[in-house]
Amino acid sequence: MNLKVRVVDGIFINQPKSTSEDARKLNFFCATSWHSAFHSWSSPRKGSKSMKFSFTFLPRSLVTLSLANCNLSHDHIPKDLSMLPSLQHLNLGGNPIHTLPESINSLTLLRSLLLDHCEKLQYLPELPPSLEELDVNNCRSLERITNLPNLHRSLIFRYYGCENLVEVEGAFKLQPIRNIDMEMISALGMFNVESMESFQVQMVNCLTGTLRTTSLQVLHERGIFSIYLPGSEIPGWYSYQNAGPKISFIVNHVQGRTIIGLNLCVVYAFDQSANLSSNDKIFCTPFTHMANRTKGLFWNYSPTFYEIPGEQACNLWLSHWKYVDQLEDGDEVVW
């Protein structure tokens with residue numbers, strides 16, 4: 001009978017090499033179905049011991065592999081994971097790995113990837129499109145994920161406590177204002193950027209529920225660029241202004257000029273009478289709705305990151321929307 005499941009949770013791995021005798025010892029931890037191995041995934045063994053191990057001895061028919069809390073470093077993981085073409089469930093949680101090999105994308109049947117509490121994990125390469133579950137809870141060093149397959153459809157994505165996550169390619173990217181090209185700085189209506197580089201702001205990551213103090217940042221997300229600044233007055237170069245939660249206008253095309261996007265500026269602050277705690281403020285996610293009534297088009301947007309205003313203070317949310325192909329002269333826009 002082909003081996004389908006191998007569970008080695010809590011067994012500290014101290015050498016990348018192994019023997020066939022070691023492989024036979026691992027059979028003690030095997031089960032015949034993923035369901036019978038589930039509790040080993042979620043409840044690591046205490047009193048861990050060391051043993052030798054190598055991926056070389058794993059059969060190509062393996063469907064589930066759990067190596068949680070095994071002191072596994074990137075040196076133990078082979079660069080070529082295509083040796084496990086049948087793998088559907090992989091648990092590497094609780095290990096001091098920094099990244100995964102690029103060949104993780106070759107596991108075309110992989111459905112579940114558990115990496116929770118990998119506190120040294122910094123980067124994830126391209127993941128296979130078959131992925132249905134990704135757990136990176138408390139990967140506190142994680143900064144970048146190359147892609148999230150099925151993010152807006154069926155992916156179960158656990159990410160709480162990833163306080164340093166600033167980029168998911170194709171979804172969002174947060175970067176210091178000094179790294180933004182001048183064309184985008186100009187589109188946002190920003191000037192004298194050098195004087196702003198010393199600003200320190202409190203940025204909330206709405207995705208991971210975390211807060212950190214950082215320099216002034218620009219968010220790029222789904223064709224929208226945003227920046228947050230202290231202040232309570234909308235700059236005078238905004239053509240249409242209104243005191244209230246709603247504004248509408250007619251697009252007026254100037255002959256000889258091309259519409260490159262729309263700029264939105266919002267003044268926001270916390271309701272002091274609500275007496276919100278720090279945790280409450282983290283989950284007060286900003287939200288905006290835009291509609292092109294003429295064409296019957298609607299956009300809803302809630303940014304992944306935003307800046308918390310100081311006590312009894314206001315902030316400006318400046319954003320640039322690159323929806324140039326969906327706006328024409330005479331269109332009525334409501335925000």
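## A first look inside this model

Asn 71 is partly exposed, with a relative accessible area of 35% (buried means under 20%, exposed over 50% and partly exposed in between, using a 1.4 Å probe and protein chains only). This is a predicted model, in which local features need pLDDT of at least 70, side-chain atom pairs count only at pLDDT 80 or more, and totals for chains, interfaces and linings use all residues. Residues are numbered from 1 along each chain as its sequence is written, and side-chain values use heavy atoms, with hydrogens and water left out.

**Positive phi values**

- Asn 71 sits in the loop between strand E5 (64-66) and E6 (strands, E, are DSSP runs of at least two residues, numbered from the N terminus).
- The phi of Asn 71 is near 55°, a positive value in a residue other than glycine.
- Most residues other than glycine have a negative phi.
- His 117 also has a positive phi, near 65°, and lies in the loop between E7 and strand E8 (123-124).
- His 117 is partly exposed, at a relative accessible area of 42%.

**Cavities**

- There are four cavities of 30 Å³ or more in the structure (on a 1 Å grid over the protein atoms alone, a cavity is a set of points where a 1.4 Å probe fits but cannot get out, and lining residues have an atom within 4 Å of a point).
- The largest cavity has a volume of about 70 Å³ (the space filled by probe spheres set on the points, which are joined across faces, edges and corners).
- Its lining has twelve nonpolar residues, no polar and no charged ones, among them Phe 55, Ile 77, Pro 101 and Leu 107 (Ala, Val, Leu, Ile, Met, Phe, Trp, Tyr, Cys and Pro count as nonpolar, Asp, Glu, Lys and Arg as charged, and the others, Gly among them, as polar).
- The second largest cavity holds about 40 Å³ of space, and its lining divides into five nonpolar, two polar and two charged residues.
- Strand E14 (200-205) and strand E15 (210-215) each supply at least two residues of the lining of the second largest cavity.

**Ser 103**

- Ser 103 is found in the loop between strand E6 (89-91) and strand E7 (112-114), and is buried, with a relative accessible area of 14%.
- Leaving out residues up to four places away in sequence, Ser 103 touches Lys 79, Asp 80 and Leu 81 (contact means heavy atoms within 4.5 Å).

**Cysteines**

- A search of the whole structure finds zero disulfides (pairs of cysteine sulfur atoms within 2.5 Å).
- Cys 206 is partly exposed at 23% relative accessible area, whereas Cys 265 is buried at 10%.

Technical notes
1 Å grid on protein atoms, 1.4 Å probe; cavity = no way out; pocket = protein on both sides within 12 Å on 5 of 7 lines; lining within 4 Å. Helix = DSSP H or I, 4+ residues; strand = E, 2+ residues; numbered from the N terminus.
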